[in-house]
Amino acid sequence: MSQKRHERRTEEAADGDEEGDAPHQQARWYDGDRYEPLLNEKSTDTVAVESSLPDDLTREELTLPDPSEPEVTRHYTRLSQMNYGIDSGPIPLGSCTMKYNPAFTEDVAAHPGNRVHPLRTDDDKQGILGLLYELQETLATVGGMDAVTLQPPAGAAGEFTGIQVAKAYHEANGEGERNEVIVPESAHGTNFASAAMAGYDVVELPSNEDGRVAVDALEAAAGEDTALLMLTNPNTLGLFERDITEIADIVHEAGGLLYYDGANLNSLLGKARPGDMGFDIMHFNLHKTFATPHGGGGPGQGPIGVSADLAPFLPTPQVREVDGDYETYDPDHSIGRVHEFMGNWLVLVKAYAYILRHGDVGLERISETAVLNANYLAERIEYEVPYGPFHHEFVASADEDAADVAKAMLDHGVHPPTTKWPEIVDEALMTEPTETESKARLDDLAAAFNAVAATDPEDLAAAPNETTARRIDQADAARNPRLSWHALDDT
Amino acid sequence: MPYVTHSEAERSEMLDTVGVSDPDALFDIPDSVRFDGDYGIEAHSERETRAAVEGMLDESPDLTEFLGGGHYDHYVPSVVDHLSLRGEFLTSYTQYQPEITQGFLQALFEFQSLVVELTGLGVANCSVYDRATALGEAVLLADRVRATDGDTVLVPADLPDRVRSVLDNYTDGPEITVETYPTSGGTVDVDGLADQIGADTSLVYAATPNARGVLEPDLAAVGDLADDNDALFCVGSDAVALALLEPPAAYGADVVVGDAGVLGLPTTYGMGLGLFACREEFLRQVPGRLVGAGEDDAGNRAYTLTLQTREQHIRRERATSNICTNQAWLALRAAIHAAWLGPDGLVDLAEECVTGVAAACERIDALDGFTAPVYDGHHFREALIDTAVPAADVADHCRHAGLAVRTVEDAGEERLAVCVTDTNLEDVDALVDALAGYGGGA
């Protein structure tokens with residue numbers, strides 16, 4: 001049905017390349033482990049498309065890499081060797097909760113019972129619905145919430161969903177004119193962006209001198225326009241918002257709702273629940289708290305929990321148990337869907353398995369150890385940590401450019417912390433080691449921090465030297481965007 | 001505690017270092033909001049956990065599915081699992097430190113290149129969540145780049161309700177109006193669209209294959225109408241269909257959205273891999289992450305996340321989207337699958353989606369009591385079937401034979417919808433057997 005028309009480009013290159021380099025000469029590409037050719041540079045084929053369809057519907061030809069299976073395997077194996085994951089070593093990125101991902105959850109995800117199409121009838125997907133129901137209930141318990149939707153496909157999608165639910169609630173109460181969402185200045189960027197996407201004006205809330213919400217500023221900001229306050233607790237400095245009850249009262253008295261950003265939930269398991277603090281809506285980042293693999297940028301999953309008053313507005317479908325069977329239903333005033341189906345099903349399965357594996361005692365031990373590890377690491381490093389007492393993460397202040405510090409840490413074989421954010425700390429090094437790092441690995445991390453702290457600033461600026469790539473010229477990459485191999489051909 | 005590794009001695013040494021005797025003392029939580037209760041969850045060994053979860057999943061029967069409707073199954077070669085599950089990929093974070101994540105960045109760059117080749121458009125991002133959220137993002141992009149008199153988006157009458165519902169949430173905040181334009185004979189009614197499009201239209205959407213499985217015969221006419229009215233033209237498709245079909249850029253598409261999870265991702269209860277590509281002039285309005293090629297200090301080509309000033313972590317409420325985590329690992333899997341197939345394998349797979357459903361329809365149409373397909377035109381994977389007895393009864397009957405077939409409301413009728421791909425092609429015999437003699441009448 002398709003037909004090879006052109007010779008492989010590699011063979012043409014062998015004859016015609018100006019530099020006289022033959023293909024398969026590894027030395028051409030193999031510059032000190034630093035570069036691997038693109039797939040299309042290894043082998044490219046153009047096939048003429050022949051189809052039973054009329055010509056006016058089809059393309060004439062398709063040009064793509066055409067490696068053999070052994071070549072595919074070597075290419076991606078090589079690329080994996082040029083990549084660092086939690087299986088390689090610690091990733092102490094603050095607010096990212098990069099903890100070890102248990103291997104067995106991948107086997108659970110590979111079980112044939114996951115191979116179920118979402119458009120089966122309820123009767124024919126009882127296994128899926130049963131797990132969805134149990135996970136809904138479990139997350140509601142962990143969050144202190146009355147109802148949970150599992151649908152949002154990532155944390156930011158959970159924020160957007162929660163804000164849409166809040167909006168629908170206000171509109172149903174004849175308060176649709178509320179048009180502001182209050183967000184602390186140190187909040188995650190997604191909070192601002194999600195509120196704006198939902199059509200709200202964002203009101204930025206300053207911190208007080210101890211790094212927490214300035215309650216008097218909140219009092220001034222909260223009013224008849226307030227739809228929602230979005231807060232993470234502990235906040236991005238790792239500090240618990242001690243005035244949370246007063247904060248909740250202020251927002252509720254103004255007629256607004258309280259949204260909990262679940263990014264830092266790994267510090268609260270068994271210790272405190274957002275629902276008990278007065279939050280009306282929250283999201284869970286399953287890849288953070290419940291250790292589903294981050295996959296280099298996703299898939300995640302961002303279920304949201306809500307209080308009983310908001311449950312009728314949740315996305316459709318929800319799952320309930322009726323006489324031992326499970327069924328889907330539409331909440332009475334549902335906002336509809338935020339994903340065509342149920343988001344990233346396999347992430348839900350892995351998170352549920354992780355929770356079941358740990359149980360109450362294990363979950364509480366996770367948070368206790370996460371907080372202990374952060375405090376231990378902070379004690380071991382020489383950089384100043386200006387705010388405390390912190391929980392699962394801390395923000396140290398670098399003496400030099402924090403981005404340079406991060407690059408220099410790479411040369412010590414560890415992933416650096418989040419840098420230059422939150423901005424309330426000068427040259428911030430936002431550090432979250434998580435509970436799965438051993439004392440020895442924490443000592444290694446501390447040694448890396450301290451070695452960099454003792455390094456000459458000029459040497460910092462030249463780092464990294466021991467990595468797959470040296471420092472990359474970001475400004476140039478943005479000025480001259482080349483976003484596909486087609487764009488490389490043009491230059 | 002399975003993944004917390006401190007020995008008691010290490011733990012007490014660490015506690016000494018931080019100056020407390022119990023980690024609980026490190027929690028600065030007022031008593032009034034402390035949680036004193038239990039979750040009521042028992043701990044399980046790994047073996048017990050697997051048995052429990054897998055036992056739950058086994059409650060769903062083993063069926064041969066002819067479903068579809070936005071979530072499609074193709075055979076995924078073993079290399080996709082074996083390579084993508086390598087821990088260096090699976091357990092890595094977003095590539096904020098490109099010097100130690102060149103491998104994933106290169107794979108995403110290659111994925112973007114694949115999408116550029118398939119769509120013919122200049123720019124592809126490294127994914128959004130699914131095809132419905134991709135359409136939502138396209139509409140928001142149109143709202144930013146088209147200063148039209150109104151903010152109306154036109155979608156076809158056969159747009160699936162589930163997709164429409166997602167779109168309604170995306171358009172709610174910026175107060176964009178979504179209107180439906182008619183279809184006739186199973187495809188876009190170009191005259192009907194012409195009557196409806198106007199100065200207030202910011203974007204026109206059409207899908208090929210469309211929701212009825214029909215390949216739209218004249219999208220160039222839709223593109224011309226959009227162009228004449230200064231509206232963006234957004235085409236919905238998927239990464240397998242596009243291997244065979246004319247690249248949408250060739251007939252005027254400004255944006256292409258759809259599902260790339262047809263590569264690398266088998267049936268997984270509706271997980272998707274949102275494909276998003278657009279013309280280069282909208283580069284700075286693209287939602288989500290972009291990987292670019294640049295140079296490192298040693299003068300070597302190196303890859304990095306780029307143009308991040310569009311994104312939420314820098315631009316906050318003025319970002320092009322709130323998206324942060326996307327579907328990167330699934331993009332890796334799609335790229336591996338495409339590499340394994342090569343261009344001829346990809347075209348063959350797509351052609352099988354044309355011939356498989358056509359052959360199934362021919363056999364079903366020959367049975368008493370069935371008209372297959374309902375609509376003329378060339379189909380891709382799916383087709384609608386008219387039944388003499390109520391379609392729901394036919395679906396029930398198939399179900400007793402272990403076959404899952406769905407019914408849809410279409411043009412006021414309840415119809416059978418059948419999806420045929422490489423993974424159920426051999427089961428078409430069983431489907432035809434089940435339908436034979438269940439046509440009613442004679």
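Predicted model: local features only at pLDDT ≥ 70, side-chain atom pairs only at ≥ 80, totals over all residues.

User: What are the box dimensions for the C-alpha atoms of chain B?
Analyst: Taken along the principal axes, the C-alpha atoms of chain B fill a box of roughly 85 × 55 × 50 Å.

User: And what percentage of chain B is buried?
Analyst: Of the 442 residues in chain B, 59% are buried. As for contacts in chain B with a separation of 6 or more, 71% of them are between residues 24 or more positions apart.

User: Let's look at a sheet. What is the strand order in the open sheet of four strands in chain B?
Analyst: The order is β13-β14-β17-β16 in chain B, and the pairing is antiparallel. Its edge strands are β13 (370-371) and β16 (406-410) of chain B, each of which pairs on one side only.

User: How many bridges join β16(B) and β17(B)?
Analyst: β16(B) pairs with β17(B), which covers residues 413-419, in the antiparallel sense over five bridges. To pick out one residue, B:Glu409 has B:Glu414 in β17(B) as its bridge partner.

User: Which helix lies across β13, β14 and β17 of chain B?
Analyst: That is helix α12 of chain B, residues 328-365, and it runs at about 10 degrees to β14(B), the strand at 382-387.

User: Switching to the other chain, how many residues of chain B are in contact with chain A?
Analyst: There are 153 residues of chain B in contact with 168 residues of chain A. On the side of chain B that touches chain A, the largest share comes from α12(B), with 17 residues. By class, the residues on that side of chain B divide into 73 nonpolar, 45 polar and 35 charged.

User: Which residues meet where α13(A) and α2(B) touch?
Analyst: From α13(A), A:Val349, A:Tyr352, A:Ala353, A:Leu356 and A:Arg357 meet B:Glu46, B:Thr49, B:Ala52 and B:Val53 in α2(B). Sorted by class, this contact of α13(A) with α2(B) has six nonpolar residues, one polar and two charged.

Technical notes: Residues numbered from 1 in each chain as written. Chains lettered and ligands numbered in written order. Contact = placed C-beta atoms within 7 Å. Helix = DSSP H or I, 4+ residues; strand = E, 2+ residues; numbered from the N terminus. Nonpolar A, V, L, I, M, F, W, Y, C, P; charged D, E, K, R; others polar. Pairing = 2+ DSSP bridges. Axes fitted to C-alpha atoms, helices over the stretch in contact; angles between N-to-C directions. Buried ≥ 20, exposed ≤ 12 C-beta atoms within 10 Å, placed from the backbone.
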